[in-house]
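The stops below go from helix pairs to a single side chain.

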Amino acid sequence: MSSTSSDRVVGARDRDSEGRARNARPRDGLGRPLPYGADGVARQPEGVVRTPDRTVAEAQTLLDAGRPFHAHEVFEDAWKSGPEGERGLWRALAQLAVGLTHSARGNVTGGARLLRRGAQGVRDWTTDSGVPEPYGMDAAGLVGWARALADAVEDGTAGVVDAARSAPRLRAGA
């Protein structure tokens with residue numbers, strides 16, 4: 001979601017020009033709200049319809065930059081706007097990005113849970129669809145990455161998770 005001049009604060013809640021609740025506070029690279037007026041990172045616009053290849057490329061760029069929260073928003077757009085048969089894949093990828101976000105924020109339980117849920121979703125989608133490398137993505141590699149990171153976060157061997165250094169490669173060899 002991006003903040004626009006038509007966004008406003010009504011009472012204690014930010015609202016967009018249609019009156020919907022929208023948090024207009026700036027955010028840091030991990031999506032945490034910052035105080036009004038603080039310098040945040042650019043937010044991903046909501047509701048963008050991208051090709052699957054563009055979705056993967058944009059998400060990878062954000063992951064590489066240590067911005068998994070923002071990558072999740074790109075995957076969420078694909079989940080909400082893509083074909084019904086692919087929604088489970090994009091939802092699972094969004095869960096992986098949020099799992100990395102929570103892990104980097106120090107939320108051990110939430111991070112590990114979402115990494116495992118996303119890994120299972122990717123595995124289930126590829127099994128059900130019979131497509132092992134959707135849009136060139138290394139689904140098996142993503143599942144292995146997520147499970148290994150979840151284990152390391154839970155057992156403490158991951159230490160402080162650096163989102164950029166821990167980011168997955170969506171496409172093998174990319």
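For the angles used here, axes are lines fitted to C-alpha atoms, for helices over the stretch in contact, and angles run from 0 to 180 degrees between N-to-C directions. The model is a predicted one.

**Stop 1: α3 and α5**

Select residues 87-104, helix α3, together with residues 139-155, helix α5. Their axes come within 11 Å and cross at roughly 25°. Angles under 35 degrees count as roughly parallel, so α3 is roughly parallel to α5. The crossing of these two helices is left-handed. To see the contact, show side chains for L93, L96, L100 and S103 on α3, and for L142, W145, A146, L149 and V153 on α5. Which classes of residue make up the contact of α3 with α5? It divides into 8 nonpolar and 1 polar, with no charged residues.

**Stop 2: α1 and α2**

Next, select residues 52-64, which form helix α1, and residues 68-81, which form helix α2. The two pack at an angle of about 165°, and their axes are 7 Å apart. Angles over 145 degrees count as roughly antiparallel, and α1 and α2 are therefore roughly antiparallel to each other. α1 passes α2 in a left-handed crossing. On the α1 side, display T55, E58, A59, L62 and L63; on the α2 side, display P68, H70, A71, V74, F75 and A78. By class, this contact has 8 nonpolar, 2 polar and 1 charged residues.

**Stop 3: D77**

Stay on α2 and pick D77, which lies in that helix. Is D77 buried or exposed? Its relative accessibility is 8%, so D77 counts as buried. To show the surroundings, select P45, E46, G47, V48, R50 and G82, which D77 touches when residues up to four places away in sequence are not counted.

**Stop 4: the whole chain**

Clear the selection and colour by secondary structure. There are 6 helices and 2 strands, and from the N terminus on the elements run β-β-α-α-α-α-α-α. Switch to colouring by accessibility: of the 174 residues, 43% count as buried. Among contacts between residues at least 6 apart in sequence, 55% join residues at least 24 apart.

Methods: Residues are numbered from 1 along each chain as its sequence is written. This is a predicted model: local features need pLDDT of at least 70, side-chain atom pairs count only at pLDDT 80 or more; totals for chains, interfaces and linings use all residues. Side-chain values use heavy atoms; hydrogens and water are left out. Helices (H or I, at least four residues) and strands (E, at least two) are DSSP runs, numbered from the N terminus. Buried means under 20% relative accessible area, exposed over 50%, partly exposed in between (1.4 Å probe, protein chains only). Contact means heavy atoms within 4.5 Å. Angles under 35 degrees count as roughly parallel, over 145 as roughly antiparallel, 65 to 115 as roughly perpendicular and the rest as oblique. A crossing is left-handed if the near helix is turned anticlockwise from the far one by less than a right angle, and right-handed if clockwise. Ala, Val, Leu, Ile, Met, Phe, Trp, Tyr, Cys and Pro count as nonpolar, Asp, Glu, Lys and Arg as charged, and the others, Gly among them, as polar.
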